[in-house]
Amino acid sequence: MANIPADQAKVLALRAEYPILDQQWGNTKLVYLDNAATTQVPTCVLNRIITHYQTDNANVHRGIHRLSERSTAALEEARSVVASFIGASDPRSIVFTSGATSAINQVARGLESQLGPGQAVVVTALEHHANFVPWQQLCARTGASFIVAPLTEAGDIDREALIRILEENSVALCAFAHVSNVLGTVVPVAELTALAHSYGAKVLVDAAQSIRHEPVDVASVDCDYLVFSGHKMMAPTGIGVLYGKPEALECMEPSVFGGEMVAQVRFEATSFESLPLRLEAGTPNYVGAIALAEACAYLQRIGRSWIGEYERELLYALEEKLGRMGAVTILGDPEQRAGCLSFVVPGVHPFDIAQLLDTLGVAVRSGNQCAQPLLHQVYDVRQVVRVSPAFYNTQEELDQFVGALEKTLAVLSA
Ligand code: PLP
């Protein structure tokens, strides 16, 4: 149940960790509502980076000197923290990547030799380009069919249509977003994973948009792969995660080659290390991984269920406030929405809205949100405005946004 005064006190205390949010632009206060693109980094995570560089920094898995050992221990501790954050029992199932995009590409490349004509890869119409294009390209390279599962009118995955696809094709892998980065649809990934598995398909879950505010538990979802990016959950850019069940990671061919992923290198041939190093060629972004683990611990301290509930409250309030503005059309009406919503105003360009909002201190995203198939082929629009609050946003900030939007639309439609 919502406890508004307690929530407000908690949010104000949390904001002290984010000096960036405390900015005044002329007469207006910055309102940052672009958290689906990237979240801000709290002081505790920034301090962890500084501490590592000031006290323990050295390359990992290479030296036997003490700094290298300390740095390696910090990286491996980070792997354990991240594993437990997503309910993975074995830290070796965590591969550090530079983000969700590189993780998905790594899986697509890694499974290439196992795919061919007569097989299919299924994505859904609500995927971000990062979980769409790598599979489309993989199918083009291998001759497998690339199938896009449709949505219902409300913006949920059409389960009946998905079942037909699974019945009629030999599906090797389904790739689902956990939360849409445009509609905010929460996809029932555990249910869809069980369904796909019952037809013998592997499942990759793109948790880029859910990791901060939804329960993400690989043991209960039972997916084969799950990916996410640190910069959408209070960690820095350039670090992300590929989780895989041991057998699902084992069956991937390495696609990036170099130092530390090898066991023996000879003129004639090379053999590879065991997991997870086999999939982490070169010097990993170990400071990023350590910062990501700090962000995991930070989110745990705040309370992940509180984050989910509070952010949902903000989103409902936002939806209600926008719903009262006749000119605004919100895309989709899914069974469950989280993280963000997108809207259009007929006759007004989303860029113009975002630009004028910026002059009034409000940062939102405008554009195609890296989801052209969804916008063009499902909703028949080119661009939208996306608003995505996080747990450090307040109801007052939503009011400031709505007030700014009213002014913006008055100017643009004058
Ligand atoms: N998947 C979804 C649903 C996203 O929203 C994003 C980024 O916005 C990505 C994948 C790609 O994340 P990154 O650019 O951090 O690799």
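Ser366 counts as buried because its relative accessibility is 17%, where buried means under 20% relative accessible area, exposed means over 50% and partly exposed lies in between (1.4 Å probe, protein chains only). The residue belongs to strand β16, which spans residues 365-367; helices (H or I, at least four residues) and strands (E, at least two) are DSSP runs, numbered from the N terminus. Leaving out residues up to four places away in sequence, Ser366 touches Pro350, Phe351, Ala354, Val384 and Val385, a contact being heavy atoms within 4.5 Å.

This is a predicted model, in which local features need pLDDT of at least 70 and side-chain atom pairs count only at pLDDT 80 or more, while totals for chains, interfaces and linings use all residues. Residues are numbered from 1 along each chain as its sequence is written, and side-chain values use heavy atoms, with hydrogens and water left out.

## The chain as a whole

The protein chain has 14 helices and 17 strands, and its C-alpha atoms fill a box of roughly 75 × 55 × 40 Å along the principal axes. The radius of gyration of the protein chain is 22 Å, which agrees with the value near 22 Å for a compact globule of 414 residues; this radius is taken over C-alpha atoms, and the globule rule is 2.2 Å times the number of residues to the power 0.38.

Of the 414 residues, 56% count as buried. Among contacts between residues at least 6 apart in sequence, 71% join residues at least 24 apart.

## Strand β7 and its partners

Strand β7 (residues 171-177) is mostly covered, with 6 of its 7 residues buried. It pairs in the parallel sense with strand β5 (residues 120-124) over 4 bridges, two strands being paired if DSSP finds at least two bridges between them. In this pairing Ala120 stands opposite Val171 in β7.

Strand β8 (residues 202-206) also runs parallel to β7, joined to it by 5 bridges, and here Phe176 stands opposite Val205.

## Nonpolar cores

The largest nonpolar core holds 112 residues, of which Ile86, Phe343, Phe391 and Phe401 touch the most other members; such a core is a set of buried Ala, Val, Leu, Ile, Met, Phe, Trp, Tyr and Cys residues joined through side-chain atoms within 4.5 Å. Helix α10 (residues 286-302) supplies the largest share of this core, 12 residues. A second, separate core of 28 residues includes Ala208, Tyr225, Val227 and Leu279.

Beyond residues up to four places away in sequence, the contacts of Phe343 include Leu322, Ile353, Val384, Val385, Phe401 and Leu405.

Gln383 lies in the loop between α13 (372-379) and β17 (384-387), and because its relative accessibility is 22%, Gln383 counts as partly exposed. Apart from neighbours within four places in sequence, Gln383 is in contact with Val344, His349, Pro350, Phe351, Gly367, Asn368 and Leu375. Between Gln383 and Leu67 there are 316 residues of separation in sequence and 50 Å in space, C-alpha to C-alpha.

Tyr243, found in strand β10 (residues 240-244), counts as buried because its relative accessibility is 7%. Its contacts, not counting residues up to four places away in sequence, include Ile86, Ala88, Val218, Cys223 and Tyr225. Tyr243 and Val122 are 121 residues apart in sequence and 20 Å apart in space, C-alpha to C-alpha.
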